[in-house]
Amino acid sequence: MIMRRFSIVATLAGFALLTSPVFAEKVARGEQGAAATEHPLASKVGIDVLKSGGNAVDAAVAVGLMLGVVAPHHSGIGGGCFLLIRRPDGAIFALDARETAPAAATRDMFLRDGKLDPLLSQRGALAVATPGALAGYALAAKTHGRKPLRELIAPAIEAAENGFAIHGDFAELLNAHQETFPEMAGAAAIHGGTIEARWKAGDLFPQIHLAASYRSIADQGTDWFYRGAFAEKLDAAMREAGGRVVASDLAGYEVISREPLRGSYRGVEIVSFPPPSSGGIHVLQILRLVERFDLAKASEGERAHLLGEAMKIAFADRAHWLGDPDFARVPRGLLDADYLGELSAKIAPDRLLGVDRAGQPPVAGIDVFEKKHTTHFSVADAEGWWVACTATINTTFGSGFVVPGTGIVLNNEMDDFAIQPGVPNYFGLIGAEANAVEPRKRPLSSMTPTLVLRDGQPILALGAAGGPTIITQTVGNLVGVLDLELPLDSALAAPRVHHQWRPDELRIETAWSEAAQGHLTQLGHRLKINGKIGVSNAVGREGTGFIGVSEPRQNTGAAAW
Ligand code: DON
């Protein structure tokens with residue numbers, strides 16, 4: 001795999017940690033633990049927390065809060081997250097801190113003069129759902145960690161206050177969003193720039209409002225956000241801007257502890273996230289659909305074809321059956337062995353399968369799941385704590401709506417609902433009744449924090465960012481490790497393939513060989529060639545220690561101890 005190293009030249013003296021050259025080592029090894037995230041500073045904070053006596057849950061919480069500062073366009077406390085936590089005694093917990101539709105949400109909220117306006121669920125106040133990430137991090141730290149939130153948030157406060165040296169990709173992104181994000185441009189002004197300032201690699205990027213918000217959380221706890229001054233400010237800003245999330249939505253927000261999904265593949269156990277994530281179900285479906293094929297012996301083209309066919313079948317089910325299990329009946333039959341066996345039998349190595357609708361899984365009365373632009377990070381420690389967490393504000397900079405004076409970028413997660421049956425969302429995904437907008441319902445997600453266990457012992461924590469490709473990246477990474485027996489870094493670097501049923505096209509990365517592309521074309525696949533698909537971050541066991549691998553395709557950085 002390609003290893004890239006980038007360094008950033010300090011522009012101001014005095015902030016040793018944040019401005020000294022940052023080395024983006026994408027692979028890190030250590031005996032005590034590892035953290036793989038999309039940003040070297042966040043990975044480093046995770047390892048610092050381990051070194052100071054915290055466990056992997058403390059580390060993950062500190063990482064999540066730090067990512068809200070160093071990658072505020074992908075996640076933050078204005079969004080939501082799913083945390084999959086493994087305790088040293090083997091118990092695994094799925095904490096669902098997904099955003100919820102506000103109580104005042106209605107099915108017609110995105111209509112104007114009777115016509116759907118898809119932009120309304122993507123940009124601005126109406127796109128915002130009630131954020132859950134902070135409640136999720138706080139609950140994880142309280143129930144499974146051993147350090148106070150005040151301590152875990154401290155490095156993030158420092159990074160927000162003093163700024164951190166940005167890399168070139170982030171500089172470009174800021175420049176592109178300069179006008180749409182006045183708060184961000186405000187940071188430029190603090191920094192001696194103007195609203196037209198051009199950001200460049202190595203510039204410090206302070207966020208003083210966000211720093212003050214984080215400080216209030218350190219001082220007053222999460223009540224500041226859910227019941228205190230922030231809730232009041234958000235309420236006022238929403239009412240003025242025509243949004244629907246109000247103070248009572250924040251006060252009523254609850255993290256839900258769910259039963260993780262378990263399945264097997266090639267002799268190992270895969271534990272993943274249940275609905276309202278679609279990730280766990282469809283990763284398990286896809287793996288079970290291809291398990292009868294020898295993917296290691298297949299040519300590249302054959303492998304991409306077989307995976308694409310299984311993905312197509314799974315995403316057809318997703319569009320029909322999946323939604324928040326507290327509102328929609330999501331049948332467990334989707335993972336029924338006979339059901340998947342029948343579907344798998346339809347997949348042929350030498351012919352393209354037409355899939356015109358979802359399958360018909362067994363839907364026995366009570367047999368349903370319990371009624372009661374994103375970032376993924378993975379952390380593990382030597383005590384046996386493992387965390388896979390995916391956090392998001394949905395698309396880049398979320399709704400673009402920042403509660404004035406707080407620096408907190410709010411999500412646009414309402415767009416993850418099927419805002420009308422059959423109407424594609426930002427990611428081209430369609431959905432049905434199961435994922436229709438309802439008050440206090442959670443929009444369906446593709447986020448797939450996943451753990452892999454061999455003989456009951458964790459060997460891998462993984463997940464990804466990238467909308468629906470989260471599911472297919474996770475499948476691809478698992479196939480790389482479990483079928484092709486690649487080292488973790490090579491598995492993440494291997495060319496990716498994605499099919500989401502609609503549109504009916506097979507997305508492949510340019511890195512697939514010409515022979516593979518030729519094979520797929522010959523079979524009749526409609527190919528869409530992408531330079532790069534997704535961002536995955538994983539930690540795994542290696543010998544007696546750990547390996548952390550952050551996404552080879554991006555400016556990222558893992559850390560270990
Ligand atoms: O929950 C979901 O599935 C989406 N909100 C994730 C969005 C995402 O991954 C954006 N990254 N490109």
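Biologist: How many nonpolar, polar and charged residues are there in the lining of the second largest cavity?

Modeller: This is a predicted model, with local features needing pLDDT of at least 70 and side-chain atom pairs pLDDT 80 or more, while totals for chains, interfaces and linings use all residues. Numbering runs from 1 along each chain as its sequence is written, and side-chain values use heavy atoms, without hydrogens or water.

The lining of the second largest cavity has 7 nonpolar, 5 polar and no charged residues (Gly counts as polar; Tyr and Pro as nonpolar). A cavity here is a set of points on a 1 Å grid over the protein atoms alone, where a 1.4 Å probe fits but cannot get out; lining residues have an atom within 4 Å of a point. The lining includes Gly 68, Pro 72, Tyr 214 and Val 409. Also in it are Ser 75, Leu 210 and Ile 393. The space is about 70 Å³ (the volume filled by probe spheres set on the grid points).

The largest cavity has about 200 Å³. Its lining counts 24 residues, with Arg 318, Asp 416, Leu 429, Leu 444 and Ser 446 nearest the centre. By class, 11 are nonpolar, 9 polar and 4 charged.

The ligand sits in this largest cavity (more than half of its atoms lie within 2 Å of the grid points). Around the ligand are 14 residues (a heavy atom within 4 Å). The closest are His 373, Thr 374, Glu 413, Asp 416 and Gly 467. This shell divides into 3 nonpolar, 8 polar and 3 charged residues. Domain 1 (2-13 + 27-255 + 373-435) and domain 2 (257-372 + 448-543) both give residues to the shell, so the ligand lies between them.

Now the polar contacts (N or O pairs within 3.5 Å). A polar side-chain atom of Thr 374 is 2.6 Å from a ligand oxygen. A ligand nitrogen is 2.7 Å from an N or O atom in the side chain of Asn 394. A polar backbone atom of Ser 446 lies 2.7 Å from a ligand oxygen. Taken alone, the ligand exposes 340 Å², and the protein buries 97% of that (Shrake-Rupley method, 1.4 Å probe).

Note on methods: A polar contact is a pair of N or O atoms within 3.5 Å; within protein, one must be able to donate a hydrogen and the other to accept it, and residues adjacent in sequence count only if both atoms are side-chain atoms. On a 1 Å grid over the protein atoms alone, a cavity is a set of points where a 1.4 Å probe fits but cannot get out, and a pocket is an open set with protein on both sides within 12 Å along at least five of seven lines; lining residues have an atom within 4 Å of a point. Domain bounds come from an automatic or database domain assignment.
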